[in-house]
Amino acid sequence: IRPYIFIDPIKRGYATISTDMGTAPDPDSGIGNIEVWKDFGYRSTHLMTVAGKQIVETYYGKPPVYSYFCGRSTGGQQALQEAQRYPDDYDGILSALPGHCRTPLHIYFLWNSQIFQECPFSEEQEDNIIAAANEYMAGREPPQIAGKMISDPRCTPADIEAVIDLAVQKDPTLSDKHIAALRKLFDGPRHPRTHERIFNGIPLGCSIDKARGNLYTLRWVFGPNKDFMDIDFNKDIDTYTSALGSYLNAEDPDLSAFKKRGGKLIMYSGSADSRVPCHATLDYYDRVIEHLASYEKVREFFNYYIIPGMSHGASPGINNLPDFLDMIVAWRENGIAPDAIMGRRIVDGEVKTEIPIYPYPMKTTWNRDSGFKAMEGAFGGVERIASRFSPAPAP
């Protein structure tokens with residue numbers, strides 16, 4: 001039993017199930033409706049699972065031996081909620097491009113939307129900004145992808161300034177107003193008075209245009225008539241967070257119950273995803289390690305990959321990955337733990353790039369003598385979201 005994602009599971013012999021997460025007939029069903037908030041956050045996925053297992057047992061005369069969940073984007077939020085809140089529901093879970101840090105993520109969308117309203121960017125300007133980031137970060141990449149995509153968008157304020165300077169050299173139409181906007185977009189939303197981190201900024205090398213909109217969760221709290229461009233980050237964000245955060249966010253690093261029951265979890269982010277940036281997800285993995293006090297213990301049941309150049313839609317980088325369901329099944333049922341995966345960029349049926357991707361924090365390196373191999377990478381490197389913007393889960 002598994003929800004639908006990416007492939008046709010029915011042809012492979014799986015019983016499948018899905019849910020609208022309680023949002024029918026449209027997202028505005030959540031305006032002022034705490035029951036929709038709970039369903040969207042976590043409850044509908046669990047109830048779907050319970051009902052699905054009952055249907056399987058009724059039809060086949062026995063319950064499913066193994067159950068797997070595969071979810072992408074909001075489905076990735078569902079995936080992590082299952083591992084955190086209902087560890088007995090699934091034996092293996094794939095959380096792809098997960099929008100798990102949900103309320104801070106939508107504040108990020110709002111932050112970017114307000115900036116864009118004040119200072120629009122043309123498509124050509126955006127292309128030059130992305131090219132500048134790829135060029136500046138190229139020295140950190142193996143030659144197969146250097147200058148084409150960024151495998152690890154973690155950066156310093158000095159890196160951001162250097163990318164902006166290079167972008168201005170490439171595109172003199174970028175004004176002082178654009179430069180100021182880019183600094184805010186790349187740094188990300190902060191509380192205007194305390195300067196606490198609300199969410200990280202747009203990763204270098206990503207589309208900046210796609211990192212806005214998606215304001216439906218703010219409508220749930222403030223209603224359909226609120227002018228979102230006038231939302232006050234000094235007070236309104238606290239109102240929004242206190243209303244939704246404990247229901248929607250899947251941020252609990254305690255996966256010990258899921259680990260104890262033998263569950264296996266694979267999670268991945270795209271390095272060029274500005275819709276659901278990798279920063280909060282990378283930090284979540286770090287916090288799971290901190291909670292269990294051992295990277296090795298986490299790797300026994302949980303792998304995280306950052307996919308070079310993958311975005312939230314049509315990707316400018318790696319766009320072809322192995323079958324993660326097969327990997328999870330082999331891990332859970334046969335004890336075959338995944339390690340490096342092969343990522344490919346395929347254009348018009350032709351493989352343009354092929355590169356191994358190692359579990360975080362390991363990185364991919366290459367030389368003429370030995371080819372590709374893993375090298376040690378660093379944990380952390382992103383500013384952690386302040387705890388007030390990610391409240392504890394509601395029971």
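A polar contact is taken here as a pair of N or O atoms within 3.5 Å; within protein, one of them must be able to donate a hydrogen and the other to accept it, and residues adjacent in sequence count only if both atoms are side-chain atoms. By that criterion, the side chain of T49 makes a polar contact with the side chain of Y90, at 2.5 Å. The model is predicted, so local features need pLDDT of at least 70 and side-chain atom pairs count only at pLDDT 80 or more, while totals for chains, interfaces and linings use all residues. Residues are numbered from 1 along each chain as its sequence is written, and side-chain values use heavy atoms, with hydrogens and water left out.

T49 itself lies in helix α1 (residues 34-60), where helices (H or I, at least four residues) and strands (E, at least two) are DSSP runs numbered from the N terminus. Its side chain also reaches the backbone oxygen of T45, at 2.8 Å. With a relative accessibility of 1%, T49 counts as buried; on this scale buried means under 20% relative accessible area, exposed over 50%, and partly exposed in between (1.4 Å probe, protein chains only). A second polar contact, of 2.7 Å, joins the side chains of D159 and Y136. D159 belongs to helix α5 (residues 157-170) and is buried as well, at a relative accessible area of 7%.

Turning to the aromatic residues, the search of the whole structure finds 19 aromatic pairs. Rings of Phe, Tyr and Trp (its six-membered ring) pair if their centres lie within 6.5 Å, and planes under 30 degrees apart count as stacked, over 60 as edge-to-face and the rest as tilted. Y108 and F199 form a tilted pair, 5.1 Å centre to centre with 55° between the planes. Y108 lies in helix α3 (residues 102-118) and F199 in the loop between α6 (176-187) and α7 (216-222), so this pair ties together parts that are 91 residues apart in sequence. Y108 is buried at a relative accessible area of 0%, and F199 is buried at 2%. Elsewhere, ring pairs link F258, Y285, Y295, F301, F302, Y304, Y360 and F379 into a cluster.

Charges meet rings too. The charged end of K184 sits over the ring of W111, 5.1 Å from its centre, and that of K226 sits over the ring of F222, at 5.5 Å. The test asks for NZ of Lys or CZ of Arg within 6 Å of the ring centre and within 35 degrees of the ring normal.

P142 lies between α4 (123-137) and α5 and is buried, at 7% relative accessibility. P142 and F372 are 230 residues apart in sequence and 8.8 Å apart in space, C-alpha to C-alpha. P322 is placed between β4 (302-307) and α12 (324-334) and is partly exposed, at 29%.
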